Amino acid sequence: MNNYAKYISCVWISLLIILPIKSIYIPPYALQGEDVPGHIIWSSLEFKYLKIELPEAMSKKQLYNVRAEMVETLGNTIIVRNAAIEVDGYLGMLFSSRKVENPAVKGRIQFSFMGENDIILSKQDREVYLFRPKLKLGETPREIKVDPAKGFAYDRIEAEKNDEGTLLLKIRSARSSEIQVRTPNSMVEYRRRLVKNLKEEYADVRGKYPHYSNFFDKYISILEKGWRNQEDLKTLKEFVADTHRITLENREFMEKFVMALLNGYWRSQRFLSLPETLLRYIESVKHKKIWLARPENIITVGPKPRILKLEMMPSDLLLDTYDTIKVRDIRIIGTEAGEIEVAKLFEWK
Amino acid sequence: MEVNARRVSCMTKGSKNEKKTNDIGEEIYRILEKARALQVESREVSIKAPENSGTFNAAVKLNRGASASRKILFPLDVERITIHSLGPSKFAQLDDLVEKVSNGFQLHINKISKDVEDLLLTIEYKIQDMSFLDNIVQTDVAAEPSGESDSYWMHAQLKDLKSFMDRYDRWELLETPFNVDVAIESEVTSSIPRYFVRHLRLLRQLIGARERGRIAKLSMMVSSSRRKIGGDPHSLISSLEGLFDPTQFKRFVEVSKPFKYSDSKKGGEYLDFPTGIFPKTMKVTSRTKLDLKTPASEGRLVYKKRTLYEEISKIFES
């Protein structure tokens with residue numbers, strides 16, 4: 001068969017074949033690092049194998065309704081032989097995506113149903129847009145003068161975020177920093193009372209469900225310690241996974257757990273008024289989907305200049321870790337002795 | 001060959017599949033397969049996710065000639081077993097065949113009248129532990145929309161369609177749950193007027209002030225900014241908080257078929273500390289159905305952010 005005839009037969013067969021493919025679904029976008037599911041549904045389609053070609057940032061995680069031993073993976077190409085399909089007409093898919101240098105990439109997944117002699121029976125593709133948040137520092141002054149009474153910084157560190165994805169951000173001081181970022185005393189006290197109230201509210205639940213004590217203790221540990229390093233992010237991630245598992249495993253316990261937390265929070269409200277709670281909420285959200293962890297954290301300043309060494313720990317809604325951003329050393333001078341929220345040293349863009 | 005091999009694997013004690021599941025339906029399947037006095041003609045299972053319950057229907061033929069036990073024990077924590085005749089007196093309920101015993105239910109084959117050959121067994125049971133859902137269905141939802149989009153994708157797919165097709169004539173998982181964390185913080189923070197935020201900051205400064213002169217100055221500033229607000233700040237904040245009540249919040253999401261909206265509650269408590277009262281995300285639960293003919297399903301949740309923005313703005317305007 002010459003090439004032209006081969007081409008014509010491909011087109012003809014493709015037209016006949018396209019209808020039996022009922023649906024190919026791949027979500028249009030995903031956060032880099034997120035799993036990308038999908039499926040193909042077809043009927044009465046005689047094919048020899050299905051070729052799936054993945055973009056660079058994706059790889060196979062799991063295929064469903066196939067005999068795994070009959071699936072070949074060659075780099076980013078997956079070959080699913082017809083004989084590998086357990087129940088004809090359905091292929092379930094789960095791909096992994098990974099974080100890449102470019103925070104906004106468009107990937108194309110190609111699906112080719114192949115017949116005898118490698119004739120393409122049907123070729124379709126789906127585009128998936130993979131994005132992630134990215135933060136970069138702009139101008140960083142060598143010296144910042146702050147007025148703690150007004151809560152104002154006369155110069156600020158420029159922090160610029162791209163348009164995509166939510167950025168969770170923890171700002172901390174390096175160990176060697178002369179000025180340390182710390183929690184205000186009022187919040188330390190509030191947190192102490194909150195934990196006490198939560199433990200009291202949970203006491204009965206703990207008695208009834210002793211095997212879930214670790215789950216509650218992990219929650220308390222997250223509240224007390226906050227998110228200080230990458231290890232804490234891992235704990236947070238585990239906590240999210242545990243929440244999902246236990247919700248399915250024992251709904252009754254989960255309802256009691258949530259109720260105990262709600263009661264604990266309500267009892268603690270007299271230590272943190274409703275207006276103050278709202279204000280802290282507003283202050284924790286910065287421009288372009290930046291969520292600050294512990295926005296209330298402060299530094300102590302005075303007229304004598306001291307060096308501040310800041311580190312920024314970004315994460316995203318998958319609670320994945322990113323490289324820590326080190327801010328260059330800054331001399332901080334206060335117009336008077338006092339405290340200022342560390343977030344006020346930044347200009348968010 | 002393949003079908004038989006898979007059946008054995010499902011029924012073998014301690015097999016991979018048995019360890020994975022806590023589904024009473026699997027146990028019922030095993031008991032019926034072993035009961036030589038019955039020949040199972042068809043099996044149907046329906047799992048209702050929100051109710052944590054299942055129904056197992058089996059059409060059985062009596063094997064009167066078999067040298068089998070005349071009693072079949074279901075040592076399970078089932079809610080109810082009902083039996084209907086499919087024979088001459090069609091759909092007559094045969095309650096006296098079922099006896100509740102200390103460890104479950106017992107079915108008395110010897111009490112069945114001779115003219116009845118076919119029966120329909122309906123076994124209803126509670127599923128205390130739904131974690132087996134993770135082993136049979138893969139559910140995924142978008143962590144967040146891209147850019148300015150307000151749509152979250154949702155996807156469900158059966159992991160092992162063949163094992164259900166081999167065992168059941170009909171199998172369905174009703175109302176598979178999906179939790180989408182809808183980020184609402186932008187609308188909340190951008191819709192609260194600046195003068196209101198300024199008022200809150202002044203209140204904070206007043207509470208923290210120690211010097212008499214400063215207290216007097218801040219008090220004047222607070223009462224001046226209070227006049228601008230119009231209403232009682234506490235009641236405005238309470239009204240704002242009310243929007244996160246599930247009955248209110250459902251107005252701000254739209255779920256496309258074959259998914260449907262089920263519930264919503266404040267989400268992301270662990271990230272929000274200490275501001276759990278005002279959530280950055282709302283956890284919205286949607287549901288869909290999967291069965292042997294529909295092994296996969298995709299849907300969309302649209303967050304009506306403009307509507308929420310306008311609702312919050314209205315609170316502060318009034």
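Predicted model: local features only at pLDDT ≥ 70, side-chain atom pairs only at ≥ 80, totals over all residues.
**A sheet and a contact, in questions and answers**

Student: In what order do the strands of the five-stranded open sheet in chain A run?
Tutor: Residues are numbered from 1 along each chain as its sequence is written, with chains lettered from A and ligands numbered from 1 in the order in which they are written. Strands are DSSP runs of E, at least two residues, numbered from the N terminus, and two of them pair if DSSP finds at least two bridges between them. The pairing in this open sheet is mixed, and the order is β16-β17-β15-β20-β21 (chain A).

Student: Which strands of chain A stand at the edges of that sheet, and why?
Tutor: An edge strand here has a single partner strand, so one side of it is left without a neighbour in the sheet. The strands in that position are β16 (285-286) and β21 (325-326) of chain A.

Student: How many bridges join β15 and β17 of chain A?
Tutor: Strand β15 covers residues 167-173 and strand β17 covers residues 290-292. A:L167 stands opposite A:I290 in β17(A). The two strands pair in the parallel sense, and the bridges number three.

Student: Which element gives the most to the side of chain A that touches chain B?
Tutor: Residues are in contact if their C-beta atoms, placed from the backbone, lie within 7 Å. The contact takes 52 residues from chain A and 46 residues from chain B. On the chain A side, the top contributor, with 10 residues, is α6(A), a helix (a DSSP run of H or I, at least four residues). So the name to remember, by that definition of a helix, is α6(A).

Methods
Contact = placed C-beta atoms within 7 Å.
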